[in-house]
Amino acid sequence: MDMPGVPRQVADGDTTSLFYVARAIMKLQLLYGEVKHMKAKGDASSDIVDMLRRMRESMGRAPMGDGTSQIDTLILLDRSCDMVTPLLTPLTYEGLIDENMHISNGSVVIDGGVIVEERAGKKMKVRTHSTF
């Protein structure tokens, strides 16, 4: 979910963004069935789980989705409990190429001028690994 400013809003006590997260998860449950187990780590995540339970209670016991659950467990983590994950980057050259140029089927499409000056402006497909 891309919602800039959420950490600041939550820190300032504004739970509006948490409601949007809970509502999105409810829509997910309407499509794929009720999530049987919900785990939360952190205050904001616990608030979201509480909102989900209240939303479910207000709906009554009508089945969600087609009546079967395709999602067994939902785990919500507050960013305050896991501050490192957003800072992680791939540690291999291929990982960095994929992050910046999006590898597809073992190849990346680049401007040919990067490899051969005469091919500048022409797209070129380059394999990212050797085949056996």
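1. Contact is taken here as heavy atoms within 4.5 Å. On that basis, and leaving aside neighbours within four places in sequence, Asp72 is in contact with Val35, Lys36 and His37. The model is a predicted one, and the points below should be read with that in mind.

2. Asp72 sits in the loop between H3 and E2. Its C-alpha is 5.4 Å from that of Lys36, although the two residues are 36 apart in sequence. With a relative accessible area of 45%, Asp72 is partly exposed, because that class runs between the 20% limit for buried and the 50% limit for exposed.

3. Helix H2 covers residues 16-32, which makes 17 residues. From first C-alpha to last, H2 reaches 25 Å, close to the 24 Å expected at 1.5 Å a residue. After H2 comes Gly33, with a positive phi near 95°.

4. Which residues of H2 are buried? They are Ser17, Leu18, Val21, Ala22, Ile25, Met26 and Gln29. As a general point, an α-helix has 3.6 residues a turn, so residues three or four places apart point the same way.

5. Ala22, in helix H2, can be taken as a case in detail. Its relative accessible area is 0%, so Ala22 is buried. Apart from neighbours within four places in sequence, Ala22 is in contact with Ile48, Met51, Leu52 and Met55.

6. How many salt bridges does the rule give? The count comes to 1. Glu34 forms a salt bridge with Arg56, and the closest N and O atoms are 3.4 Å apart. That distance meets the rule because the limit between a side-chain nitrogen of Lys or Arg and a carboxyl oxygen of Asp or Glu is 4 Å. The pair links distant parts of the chain, with Glu34 in the loop between H2 and E1 and Arg56 in helix H3, 22 residues apart.

7. Are the two partners buried or exposed, or in between? Glu34 has a relative accessibility of 27% and therefore counts as partly exposed. Arg56 has a relative accessible area of 8% and is therefore buried.

8. The surroundings of Arg56 include Glu34 and other residues. Leaving aside neighbours within four places in sequence, Arg56 is in contact with Met26, Glu34, Arg61, Ala62, Pro63 and Met64. One of these, Met26, is among the buried residues of H2.

9. The largest pocket holds about 810 Å³ of space. Its lining is made up of 23 residues, and those nearest its centre are Val6, Leu18, Leu77, Asp78 and Arg79. H1, H2, H3 and E2 are the elements that give two or more residues to this lining. By residue class, the lining of the largest pocket divides into 16 nonpolar, 3 polar and 4 charged. Leu18, one of the residues nearest the centre of the pocket, is also listed among the buried residues of H2.

10. His102, in the loop between helix H4 (93-101) and strand E3 (107-111), has a positive phi of about 60° although it is not a glycine. Asn105 has its place in the loop between H4 and E3, and its phi is positive too, about 55°, although Asn105 is not a glycine.

11. Glu99 is found in helix H4. A relative accessible area of 43% makes Glu99 partly exposed. Glu99 and Gly112 are 13 residues apart along the chain, and their C-alpha atoms are separated by 19 Å.

Key
Residues are numbered from 1 along each chain as its sequence is written. This is a predicted model: local features need pLDDT of at least 70, side-chain atom pairs count only at pLDDT 80 or more; totals for chains, interfaces and linings use all residues. Side-chain values use heavy atoms; hydrogens and water are left out. Helices (H or I, at least four residues) and strands (E, at least two) are DSSP runs, numbered from the N terminus. The expected span of a helix is 1.5 Å times one less than its number of residues. Buried means under 20% relative accessible area, exposed over 50%, partly exposed in between (1.4 Å probe, protein chains only). On a 1 Å grid over the protein atoms alone, a cavity is a set of points where a 1.4 Å probe fits but cannot get out, and a pocket is an open set with protein on both sides within 12 Å along at least five of seven lines; lining residues have an atom within 4 Å of a point. Grid points are joined across faces, edges and corners, and a volume is the space filled by probe spheres set on the points. Ala, Val, Leu, Ile, Met, Phe, Trp, Tyr, Cys and Pro count as nonpolar, Asp, Glu, Lys and Arg as charged, and the others, Gly among them, as polar.
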